[in-house]
Each structure stands twice: as C-alpha cells, then as structure tokens.
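Q: Please show how the features of a model such as the one below are to be read, with the criteria stated.

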Amino acid sequence: MGLEAVVEEIRENGRKETDRIRQESKQEVDLILTAANKRAGEIKLAAEEESAKQSTHLVSQDVSAANLLVKRELLNTQKALLDQAYEATRSEIAGLPESFHREAIKKLLTEAKKEIPSGTIYCNARDIAAAKAVIAEHPEFAGFTVGLPVAIDGGLLIEGAGAELQIDYSYRTFLMKVWESGLKDASDILFG
C-alpha cells in the first residue's frame, strides 16, 4: 500500500472515530437533555401545584375574612335596630298619659308594701304629684313619703326606713327584664 492509501485509511478511520464520538456525544447529550427536561417538568409541575395550593389557601382566607366582616356588620346593624326599638319603647312608655303612670305607681306601691311596709319612694319629676296623690288617697300607703326626684323614665325606687332595703321598680328595670327574656325571640322574628 502506498503512503497515500495509508493516509486515506487513517483519515477514514479518523472520520469514523469522529462520527462515532459525535454519535456517542449526541446520545449522551440527548440523555442529559431528556433527564434535565424531565426534572424541569417535575419542578415546574411541583411549583404549579404549590402555587395553586397557595392561591387556593389565600382565596379561602380572603373569603373567610370577607364572610366574617359581613357577618359582623350584619350583627352590628341588627343590634343597632334592636337598640332603636328598645329606646323607642322607653320613649313610648315615658310618653303615656299621667293616668297610666298614676295607676302604675299605685300597683308598684302595693307590691313594694309586701317587702317594705314603710319608707321613702323616689320617682321622676313628672310623677311626683301623682305619687303624692296616691299616698294621700290610699291610707294603706301612709307609711311612705315621697323623696326628691330621681333620673328614671318612670316607676319607683323604694327605700325602707334606715335605708337598709331598697327595691328598684323603675320602668327601665322591668323593661330590661322583658327585653332580656324576649330578645332572642324578637331577634328570631325580626331577622329570621
């Protein structure tokens, strides 16, 4: 074989070796890229799942907070309405005619006499004259005197001799008892 044939054979072998190395490198690169793409896909999928989970959690928190805020506002509005109804009731009772208050004083004194046979009664300025008239007209109440006016809507505050026993028969006290016992029923009726 001549020198040229040997050189050509060496070149041919070099090309074959280069092609083989290129082929092996390409296969290795393809394997590495496939593995990298697979890993990148897994990372991307995990990140998307975590992002969706976080997003759902944040939306859930926001919805819960909004629902709580709405419920609080609704309860505050309901309370304000019930407070208005309570104050309107107090005003209506206070605005009843003198004959109503006079009869109420008589009934309240009758009840009070069972616990306190004599003492001082206190009422608001509007009812002073009615209280004095009830005591003057009914001898069974002769043990009671009318004290200075007090700041109540109506009714009586009764104090026994020596101030040892006191009874609160004010309209506000009776209204509070009725209000507290009937508040749930009233709320259910008004607000379902």
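Q: How many helices and strands does the chain have?
A: Helices (H or I, at least four residues) and strands (E, at least two) are DSSP runs, numbered from the N terminus. The chain has 4 helices and 4 strands, in the order α-α-β-α-β-β-β-α from the N terminus on. This is a predicted model: local features need pLDDT of at least 70, side-chain atom pairs count only at pLDDT 80 or more, and totals for chains, interfaces and linings use all residues. Residues are numbered from 1 along each chain as its sequence is written, and side-chain values use heavy atoms, with hydrogens and water left out.

Q: At what angle do helix α2 and helix α3 pack?
A: Axes are lines fitted to C-alpha atoms, for helices over the stretch in contact, and angles run from 0 to 180 degrees between N-to-C directions. Helix α2 (residues 98-113) and helix α3 (residues 128-137) pack at about 50°, their axes being 9 Å apart. Angles under 35 degrees count as roughly parallel, over 145 as roughly antiparallel, 65 to 115 as roughly perpendicular and the rest as oblique; α2 is therefore oblique to α3.

Q: Is Leu 175 buried or exposed?
A: Buried means under 20% relative accessible area, exposed over 50%, partly exposed in between (1.4 Å probe, protein chains only). Leu 175 has a relative accessible area of 12% and is therefore buried. Leu 175 lies in helix α4 (residues 171-191).
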